[in-house]
Amino acid sequence: MKLFRTILPPAALAASFAMGAPALAFDQADLIKPIDKPLTFVIIPKVIHPWYEVAAAGGEAAVEELKGLGIEVEVIWDSPPQADVADQNRRIETNIGRQPDGLAVSCLDASTNTQLLEEAVAAGLNVITFDTFCSDDYPFVGHKNDAQDGADLADLMAEKIGEAGKVGILSGSLTAANHVARVKGFKEAMAKYPDIEIVFEQPDDDSLEKAVSLTENALQANPDLKGIFGSNASNPIGAARAVVNAGKAGEVVVVGMDDLPETLQFINDGVIAGVKAQRQWDIGYWVVKYLVAMNQNHTIPHEHATGSQILNKELIAE
(Lines give C-alpha, C1' and ligand atoms only; values in the text may rest on other atoms or scores of the structure.)
Protein backbone atom coordinates (compact mmCIF):
# COMPACT_ATOMS: atom_id res chain seq x y z
CA MET A 1 0.00 0.00 0.00
CA LYS A 2 1.38 3.39 -0.99
CA LEU A 3 1.04 6.45 1.25
CA PHE A 4 0.35 9.79 -0.39
CA ARG A 5 0.82 13.25 1.20
CA THR A 6 -1.15 16.12 -0.23
CA ILE A 7 0.42 19.60 -0.11
CA LEU A 8 -2.27 22.25 -0.14
CA PRO A 9 -1.75 25.47 -2.07
CA PRO A 10 -1.83 28.70 0.03
CA ALA A 11 -5.44 29.49 -0.84
CA ALA A 12 -6.63 26.06 0.20
CA LEU A 13 -4.56 26.22 3.37
CA ALA A 14 -6.19 29.53 4.30
CA ALA A 15 -9.61 28.05 3.61
CA SER A 16 -8.91 25.10 5.89
CA PHE A 17 -8.20 27.51 8.79
CA ALA A 18 -11.36 29.43 7.96
CA MET A 19 -13.33 26.18 8.25
CA GLY A 20 -12.16 25.67 11.80
CA ALA A 21 -8.88 23.77 11.56
CA PRO A 22 -6.82 24.40 14.74
CA ALA A 23 -4.14 27.12 14.44
CA LEU A 24 -0.61 26.39 15.57
CA ALA A 25 0.07 27.62 19.10
CA PHE A 26 3.84 28.28 18.66
CA ASP A 27 4.78 31.96 18.47
CA GLN A 28 8.43 33.00 18.11
CA ALA A 29 7.75 36.13 20.15
CA ASP A 30 7.15 33.86 23.13
CA LEU A 31 10.85 32.92 23.06
CA ILE A 32 11.81 36.44 24.14
CA LYS A 33 11.94 37.00 27.88
CA PRO A 34 10.83 40.38 29.23
CA ILE A 35 13.31 42.20 31.46
CA ASP A 36 11.44 42.69 34.72
CA LYS A 37 14.31 43.65 37.03
CA PRO A 38 17.46 45.80 37.00
CA LEU A 39 20.40 44.03 35.36
CA THR A 40 24.00 44.04 36.62
CA PHE A 41 26.91 43.44 34.25
CA VAL A 42 30.56 43.06 35.29
CA ILE A 43 33.25 43.96 32.76
CA ILE A 44 36.82 42.86 33.48
CA PRO A 45 39.51 44.39 31.23
CA LYS A 46 43.20 43.52 31.20
CA VAL A 47 44.27 46.61 33.16
CA ILE A 48 43.22 50.12 34.21
CA HIS A 49 43.88 52.09 31.05
CA PRO A 50 42.56 55.14 29.10
CA TRP A 51 41.76 52.79 26.18
CA TYR A 52 39.09 51.13 28.30
CA GLU A 53 37.73 54.51 29.37
CA VAL A 54 36.65 55.04 25.77
CA ALA A 55 35.08 51.57 25.73
CA ALA A 56 33.29 52.42 29.00
CA ALA A 57 31.88 55.58 27.41
CA GLY A 58 30.36 53.43 24.67
CA GLY A 59 28.86 51.16 27.29
CA GLU A 60 27.34 54.12 29.12
CA ALA A 61 25.76 55.32 25.88
CA ALA A 62 24.10 51.91 25.54
CA VAL A 63 22.88 52.12 29.16
CA GLU A 64 21.24 55.48 28.43
CA GLU A 65 19.54 54.11 25.32
CA LEU A 66 18.23 51.13 27.27
CA LYS A 67 16.71 53.43 29.90
CA GLY A 68 14.48 54.77 27.16
CA LEU A 69 13.21 51.23 26.64
CA GLY A 70 12.51 50.79 30.34
CA ILE A 71 15.54 48.53 30.90
CA GLU A 72 17.78 49.47 33.82
CA VAL A 73 21.39 48.30 33.63
CA GLU A 74 24.29 48.80 36.04
CA VAL A 75 27.74 48.27 34.54
CA ILE A 76 30.61 47.54 36.94
CA TRP A 77 34.16 47.74 35.61
CA ASP A 78 36.40 45.57 37.79
CA SER A 79 39.81 46.62 36.46
CA PRO A 80 43.20 45.26 37.60
CA PRO A 81 45.64 48.11 38.36
CA GLN A 82 48.40 46.24 36.50
CA ALA A 83 48.33 43.67 33.70
CA ASP A 84 48.62 40.73 36.10
CA VAL A 85 47.18 37.34 35.14
CA ALA A 86 46.68 36.11 38.70
CA ASP A 87 44.91 39.32 39.72
CA GLN A 88 42.60 39.24 36.71
CA ASN A 89 41.74 35.59 37.31
CA ARG A 90 40.92 36.32 40.96
CA ARG A 91 38.53 39.03 39.80
CA ILE A 92 36.87 36.70 37.31
CA GLU A 93 36.47 33.98 39.95
CA THR A 94 35.09 36.40 42.54
CA ASN A 95 32.54 37.80 40.12
CA ILE A 96 31.33 34.36 39.09
CA GLY A 97 30.35 33.91 42.74
CA ARG A 98 28.44 37.22 42.67
CA GLN A 99 26.20 35.87 39.89
CA PRO A 100 25.81 39.02 37.77
CA ASP A 101 23.41 39.02 34.83
CA GLY A 102 26.35 39.25 32.45
CA LEU A 103 30.13 38.92 32.51
CA ALA A 104 32.48 40.37 29.87
CA VAL A 105 36.23 39.65 29.92
CA SER A 106 39.17 40.96 27.91
CA CYS A 107 41.50 37.97 28.09
CA LEU A 108 45.00 38.61 29.37
CA ASP A 109 45.96 34.93 29.36
CA ALA A 110 43.76 32.73 27.20
CA SER A 111 44.86 29.41 28.71
CA THR A 112 43.81 30.28 32.27
CA ASN A 113 41.03 32.76 31.48
CA THR A 114 39.07 30.23 29.43
CA GLN A 115 39.04 27.72 32.28
CA LEU A 116 37.30 30.30 34.44
CA LEU A 117 34.93 31.31 31.63
CA GLU A 118 33.89 27.66 31.42
CA GLU A 119 33.04 27.83 35.13
CA ALA A 120 31.06 31.02 34.54
CA VAL A 121 28.95 29.40 31.82
CA ALA A 122 28.45 26.30 33.98
CA ALA A 123 27.21 28.61 36.75
CA GLY A 124 24.57 29.98 34.39
CA LEU A 125 26.17 33.33 33.56
CA ASN A 126 25.85 35.10 30.23
CA VAL A 127 29.48 35.45 29.04
CA ILE A 128 31.04 37.61 26.33
CA THR A 129 34.70 38.20 25.54
CA PHE A 130 35.89 41.52 24.12
CA ASP A 131 38.97 43.43 22.96
CA THR A 132 41.33 40.40 23.03
CA PHE A 133 40.12 37.17 21.45
CA CYS A 134 40.75 34.01 23.47
CA SER A 135 38.40 31.22 22.35
CA ASP A 136 35.72 30.38 19.79
CA ASP A 137 33.67 28.96 22.66
CA TYR A 138 32.43 32.45 23.60
CA PRO A 139 30.91 35.36 21.71
CA PHE A 140 33.51 38.01 20.91
CA VAL A 141 33.24 41.75 20.29
CA GLY A 142 36.39 43.41 19.00
CA HIS A 143 39.18 43.23 16.47
CA LYS A 144 41.03 40.00 15.69
CA ASN A 145 43.23 40.93 12.73
CA ASP A 146 46.11 41.96 14.98
CA ALA A 147 48.93 40.40 12.94
CA GLN A 148 47.89 42.49 9.95
CA ASP A 149 47.99 45.63 12.11
CA GLY A 150 51.58 44.81 13.04
CA ALA A 151 52.48 44.18 9.40
CA ASP A 152 50.87 47.44 8.26
CA LEU A 153 52.83 49.37 10.87
CA ALA A 154 56.06 47.64 9.84
CA ASP A 155 55.51 48.78 6.25
CA LEU A 156 54.75 52.32 7.44
CA MET A 157 57.92 52.44 9.52
CA ALA A 158 60.04 51.01 6.70
CA GLU A 159 58.77 53.70 4.37
CA LYS A 160 59.50 56.47 6.88
CA ILE A 161 63.08 55.33 7.62
CA GLY A 162 64.03 54.64 4.01
CA GLU A 163 63.96 50.85 4.46
CA ALA A 164 67.23 50.86 6.41
CA GLY A 165 68.38 51.24 10.00
CA LYS A 166 67.97 49.93 13.53
CA VAL A 167 64.51 49.63 15.09
CA GLY A 168 63.05 48.38 18.37
CA ILE A 169 59.87 46.75 19.65
CA LEU A 170 57.86 47.46 22.80
CA SER A 171 55.95 44.19 23.02
CA GLY A 172 53.30 44.95 25.63
CA SER A 173 52.10 41.99 27.71
CA LEU A 174 53.62 38.65 26.77
CA THR A 175 50.41 36.74 27.56
CA ALA A 176 48.03 39.11 25.71
CA ALA A 177 47.17 37.40 22.44
CA ASN A 178 46.60 40.65 20.54
CA HIS A 179 49.97 42.11 21.61
CA VAL A 180 51.75 38.87 20.66
CA ALA A 181 50.04 38.76 17.25
CA ARG A 182 50.94 42.37 16.47
CA VAL A 183 54.60 41.77 17.27
CA LYS A 184 54.57 38.61 15.15
CA GLY A 185 53.04 40.47 12.21
CA PHE A 186 55.50 43.33 12.59
CA LYS A 187 58.55 41.03 12.63
CA GLU A 188 57.33 38.94 9.70
CA ALA A 189 56.74 42.06 7.60
CA MET A 190 60.11 43.53 8.59
CA ALA A 191 61.79 40.39 7.21
CA LYS A 192 61.07 41.84 3.76
CA TYR A 193 63.55 44.65 4.45
CA PRO A 194 67.08 43.20 4.72
CA ASP A 195 68.63 46.55 5.65
CA ILE A 196 66.41 46.98 8.73
CA GLU A 197 67.69 45.41 11.95
CA ILE A 198 65.55 44.82 15.08
CA VAL A 199 67.99 45.57 17.91
CA PHE A 200 65.73 45.31 20.95
CA GLU A 201 62.39 43.77 21.96
CA GLN A 202 61.09 44.36 25.48
CA PRO A 203 57.71 43.82 27.22
CA ASP A 204 56.30 46.95 28.85
CA ASP A 205 53.34 45.14 30.49
CA ASP A 206 50.92 47.77 29.18
CA SER A 207 52.57 50.35 31.45
CA LEU A 208 53.16 53.79 29.98
CA GLU A 209 55.83 54.58 32.57
CA LYS A 210 57.69 51.36 31.77
CA ALA A 211 57.49 52.13 28.06
CA VAL A 212 59.17 55.51 28.72
CA SER A 213 61.97 53.86 30.71
CA LEU A 214 62.55 51.09 28.18
CA THR A 215 62.72 53.59 25.33
CA GLU A 216 65.16 55.79 27.22
CA ASN A 217 67.42 52.77 27.74
CA ALA A 218 67.12 51.77 24.09
CA LEU A 219 68.04 55.26 22.87
CA GLN A 220 71.11 55.29 25.12
CA ALA A 221 72.21 51.84 23.99
CA ASN A 222 71.49 52.59 20.33
CA PRO A 223 72.14 56.28 19.58
CA ASP A 224 71.54 55.57 15.88
CA LEU A 225 68.09 54.01 16.48
CA LYS A 226 65.70 54.90 13.64
CA GLY A 227 62.32 53.57 14.80
CA ILE A 228 60.19 52.14 17.62
CA PHE A 229 57.08 49.99 17.25
CA GLY A 230 54.53 49.89 20.07
CA SER A 231 52.15 46.90 20.25
CA ASN A 232 49.44 48.50 22.42
CA ALA A 233 47.88 51.87 23.21
CA SER A 234 50.34 52.76 26.00
CA ASN A 235 53.73 52.21 24.51
CA PRO A 236 53.64 54.54 21.49
CA ILE A 237 52.89 57.35 23.95
CA GLY A 238 55.70 56.22 26.25
CA ALA A 239 58.11 55.93 23.32
CA ALA A 240 57.11 59.35 22.00
CA ARG A 241 57.64 60.98 25.40
CA ALA A 242 61.12 59.48 25.65
CA VAL A 243 62.00 60.50 22.08
CA VAL A 244 60.92 64.10 22.76
CA ASN A 245 62.85 64.18 26.06
CA ALA A 246 65.95 62.95 24.24
CA GLY A 247 65.63 65.72 21.65
CA LYS A 248 65.15 63.19 18.85
CA ALA A 249 61.67 64.10 17.61
CA GLY A 250 61.72 63.72 13.86
CA GLU A 251 64.83 61.51 13.99
CA VAL A 252 63.27 58.41 15.56
CA VAL A 253 60.05 57.20 13.92
CA VAL A 254 57.37 55.95 16.33
CA VAL A 255 54.42 53.81 15.21
CA GLY A 256 51.88 51.90 17.29
CA MET A 257 48.28 51.26 18.21
CA ASP A 258 45.16 53.30 18.90
CA ASP A 259 44.07 56.91 19.01
CA LEU A 260 44.18 58.17 22.58
CA PRO A 261 44.23 61.99 22.90
CA GLU A 262 47.96 62.17 23.69
CA THR A 263 48.69 59.86 20.77
CA LEU A 264 46.78 62.14 18.41
CA GLN A 265 48.71 65.15 19.71
CA PHE A 266 52.02 63.37 19.10
CA ILE A 267 50.86 62.51 15.57
CA ASN A 268 49.92 66.11 14.93
CA ASP A 269 53.33 67.20 16.27
CA GLY A 270 55.12 64.79 13.96
CA VAL A 271 56.54 62.60 16.74
CA ILE A 272 54.35 59.54 16.03
CA ALA A 273 54.23 58.75 12.31
CA GLY A 274 50.98 56.80 12.47
CA VAL A 275 48.88 54.22 14.30
CA LYS A 276 46.30 51.55 13.65
CA ALA A 277 43.23 52.72 15.55
CA GLN A 278 40.50 50.41 16.83
CA ARG A 279 36.88 51.32 17.61
CA GLN A 280 36.76 50.69 21.34
CA TRP A 281 33.71 52.93 21.86
CA ASP A 282 31.79 50.54 19.62
CA ILE A 283 33.17 47.58 21.55
CA GLY A 284 31.84 48.88 24.87
CA TYR A 285 28.49 49.79 23.34
CA TRP A 286 27.87 46.38 21.79
CA VAL A 287 29.06 44.43 24.82
CA VAL A 288 26.28 46.01 26.88
CA LYS A 289 23.69 45.63 24.10
CA TYR A 290 24.49 41.97 23.54
CA LEU A 291 24.48 41.10 27.23
CA VAL A 292 20.97 42.57 27.46
CA ALA A 293 19.96 40.58 24.37
CA MET A 294 21.29 37.38 25.95
CA ASN A 295 19.18 38.04 29.04
CA GLN A 296 16.16 38.39 26.74
CA ASN A 297 16.99 35.10 24.98
CA HIS A 298 17.66 36.87 21.68
CA THR A 299 20.24 35.44 19.32
CA ILE A 300 23.45 37.47 18.98
CA PRO A 301 26.35 37.25 16.51
CA HIS A 302 29.10 34.93 17.67
CA GLU A 303 31.65 37.45 16.46
CA HIS A 304 31.20 41.20 16.01
CA ALA A 305 34.31 42.48 14.21
CA THR A 306 34.88 46.17 14.92
CA GLY A 307 38.00 46.57 12.77
CA SER A 308 40.88 49.04 12.70
CA GLN A 309 42.13 51.83 10.46
CA ILE A 310 45.38 53.65 9.80
CA LEU A 311 45.65 57.16 11.22
CA ASN A 312 48.38 59.66 10.34
CA LYS A 313 48.76 63.43 10.35
CA GLU A 314 47.12 63.85 6.95
CA LEU A 315 44.06 61.78 7.87
CA ILE A 316 43.61 63.56 11.21
CA ALA A 317 43.66 66.92 9.41
CA GLU A 318 40.82 65.88 7.05
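V73 is in contact with L39, F41, V63, L66 and V292, neighbours within four places in sequence being left aside. In this predicted model, V73 and V287 are the residues with the most contacts inside the largest nonpolar core, which has 52 residues. Helix α10, residues 280-295, supplies the largest share of this core, namely seven residues.

**Nonpolar cores**

- Nonpolar side chains tend to be buried together in soluble globular proteins.
- The largest nonpolar core, with its 52 residues, includes V73 and V287.
- Another core, of 20 residues, lies apart from the largest one, and among its members are A154, A158, V167 and M257.

- K46 is found in the loop that runs between strand β1 (39-44) and helix α2 (50-68).
- K46 has a relative accessible area of 2%, and it therefore counts as buried, the cut-off being under 20%.
- The side chain of K46 makes a polar contact with the side chain of Y52 at 3.3 Å.
- A polar contact at 2.9 Å also joins the side chain of K46 to the side chain of D131.

- Most residues other than glycine have a negative phi.
- D131, although not a glycine, has a positive phi of about 65°.
- D131 belongs to strand β4, which covers residues 127-131.
- The relative accessible area of D131 is 3%, so this residue is buried.
- D205 is likewise not a glycine, and its phi is positive, at about 55°.
- D205 lies in the loop between strand β7 (196-202) and helix α7 (208-221).
- D205 counts as partly exposed because its relative accessibility is 34%, a value that falls between the limits of 20% and 50%.

- With a relative accessibility of 44%, L31 counts as partly exposed.

Note on methods:
Residues numbered from 1 in each chain as written. Predicted model: local features only at pLDDT ≥ 70, side-chain atom pairs only at ≥ 80, totals over all residues. Heavy atoms only, no water. Helix = DSSP H or I, 4+ residues; strand = E, 2+ residues; numbered from the N terminus. Buried < 20%, exposed > 50% of the residue type's maximum accessible area, 1.4 Å probe, protein only. Polar contact = N/O pair within 3.5 Å; in protein donor to acceptor, adjacent residues only side chain to side chain. Core = buried A, V, L, I, M, F, W, Y, C linked by side-chain atoms within 4.5 Å. Contact = heavy atoms within 4.5 Å.
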